[in-house]
Amino acid sequence: MTAMASIPILSFKDIDVVYGGERGTHAVTALKAIDLDIREGEFVSLIGPSGCGKSTLLRVAADLIKPSAGTARIDGLSPSDARLNREIGFVFQDAALLEWRRILANVALPLELQGIPKDKRLARARELLRLVGIAEFENAWPRQLSGGMRQRASIARAMSTRPRVMMMDEPFGALDQITRDRLNLELSALAEREKMTVVFVTHSIHEAIFLSDRVVVMSPRPGRITEVIDVDLPRPRTLAVRETPRFNELCRLGERLLGEGFHD
Amino acid sequence: MTDLRARLTGYAVAAFPVAVTTVVLVIVWEVLVTVTGTPAYIIPAPSRIWDALFSGNANLAWHTALTGFESIAGFVIGSVLGAMLGIVFAYSRFIARSLMPYVIASNTIPVVAVAPIIMLWFGSGLGSKIAVTAFLSFFPLALNMMKGLQSYDRTVMEVFHVAAATPTQRFFKMRLPSALPYIFVGLKLNVTFSVIGAIVSEFVQADRGLGFVIMTAYRTLNMPRLWAAMLASALLGILLFVLVAAAERLLIPWHSSMREAK
């Protein structure tokens, strides 16, 4: 790690998120005193049981939720300014494509909203479709694609503005295991090649270990960070890495940290 | 070109059963009326109705065109006003809550009760017919526009938020396209009501148009002409409906392709 790379691109300082509580309703503390720094080019997964606030933390960074206390910084900017500077890419669990646009126009949407000229944004969208492996579907309607293909298009869309940080909220959670394995493999290669900084929320410890440089294990009530696992598996990673003793050791460590009753 | 031919063949295949049924029905009707000697003022034979379509002191086609013009003009005005109100309702809960009861109430008033009042305001010419028609083809789009604009996908909204979209971009690139299927539900209802509105307003007071033809045919017990006018008004309604449905297919291809897939 060089000195440059150790400057965090995304940092959370003392983040609290409290829901409700006004007018006598019961207040729920979703996140309590979260401190976390993510370096440029790093792949970090947030993992934990439902209600641990991992998605909430991601949504704070993307300016989809305002924290009750504390600050988040992206490249020195507040989440709101970073969003307006188009430095954030976000992939949701649902591909959330616009049904009335063909795949190419869907991928070009963020650039269109930014006011990039048509020929430029379509060229960029085509390049991204090639990158995620669905170039031949540029004229298809979203309805005509499988769940995995829709999610590929959604990832391409999030990458279109070349964001500084890519946030992914259980992007493969609704896909079957085979598709999921494939997309994990491709995402790993893609993130490495494009030097993306990724924050990845998942329920699966195997997925988290396979993809990440660090895995942040969280626990609920109130949502907080229990432990951070450094994943020292070599890159580039292939599916064969899952057969290695080190991979299984890290998975067992993760499962233990997640506590009893956790199932992948 | 082959695509067009395939589509036309598809339509022909789809229309074949109803065409056969119609021909059989007309023949049976004609034979029954002739054999039983049923008088024309009870049920006229199809051949008598056919004659009436093209006879009389003024051609029925001319009256139909006039009623069609009133329907279309009222439909356009009513739809534009309805769409605008629907947009205002979708964006302001307060205005929606304060005005919606009035809009609903106005819709429950029988049009025959409102038509004479509108006649007094707008005179006895074309303007009042169009006003009544617009009044009737206003509500469905207002309601569906509001519902449509509120029906967007919440995650898609978040995609637009993260991509720093402006409110104008959200409206034109997300909420309005999401609303299109609802908008066409409203437009199809509007266009059906618009023909009713035009004919009812001609009942109240007119010296031309299909409503006038129906009233005079009724008073003179000219049943073949009455049936012919009824047929003409049905054909007018179907024609306008088909035009709106064609616009729908053209404007929201992703929607129709979705339905065909099911």
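**Cores and a helix crossing in a predicted model**

Visitor: Which residues does Ile15(A) touch, not counting residues up to four places away in sequence?
Guide: This is a predicted model. Contact here means heavy atoms within 4.5 Å. Leaving out residues up to four places away, Ile15(A) touches Leu31(A), Lys32(A), Ala33(A), Ile34(A), Val60(A), Pro67(A), Ala69(A), Gly70(A), Thr71(A) and Ala72(A).

Visitor: Which element gives the largest share of the largest nonpolar core?
Guide: Ile15(A) is among the residues with the most contacts inside that core, which has 88 residues. Leu60(B) and Phe160(B) are also in that group. The largest share, 10 residues, comes from α9(B).

Visitor: At what angle do the axes of α5 and α9 of chain B cross?
Guide: Helix α5(B) spans residues 111–122 and α9(B) spans residues 167–204. The crossing is right-handed. The axes come within 9 Å and cross at roughly 65°.

Visitor: How many residues of the contact of α5(B) with α9(B) are nonpolar?
Guide: From α5(B) come Val111(B), Val112(B), Ala115(B), Pro116(B) and Met119(B), and from α9(B) come Val200(B), Ser201(B) and Val204(B). One is polar and none is charged, which leaves the nonpolar count at seven.

Notes:
Residues are numbered from 1 along each chain as its sequence is written. Chains are lettered from A and ligands numbered from 1 in the order in which they are written. This is a predicted model: local features need pLDDT of at least 70, side-chain atom pairs count only at pLDDT 80 or more; totals for chains, interfaces and linings use all residues. Side-chain values use heavy atoms; hydrogens and water are left out. Axes are lines fitted to C-alpha atoms, for helices over the stretch in contact, and angles run from 0 to 180 degrees between N-to-C directions. Helices (H or I, at least four residues) and strands (E, at least two) are DSSP runs, numbered from the N terminus. A crossing is left-handed if the near helix is turned anticlockwise from the far one by less than a right angle, and right-handed if clockwise. Ala, Val, Leu, Ile, Met, Phe, Trp, Tyr, Cys and Pro count as nonpolar, Asp, Glu, Lys and Arg as charged, and the others, Gly among them, as polar. A nonpolar core is a set of buried Ala, Val, Leu, Ile, Met, Phe, Trp, Tyr and Cys residues joined through side-chain atoms within 4.5 Å. Buried means under 20% relative accessible area, exposed over 50%, partly exposed in between (1.4 Å probe, protein chains only).
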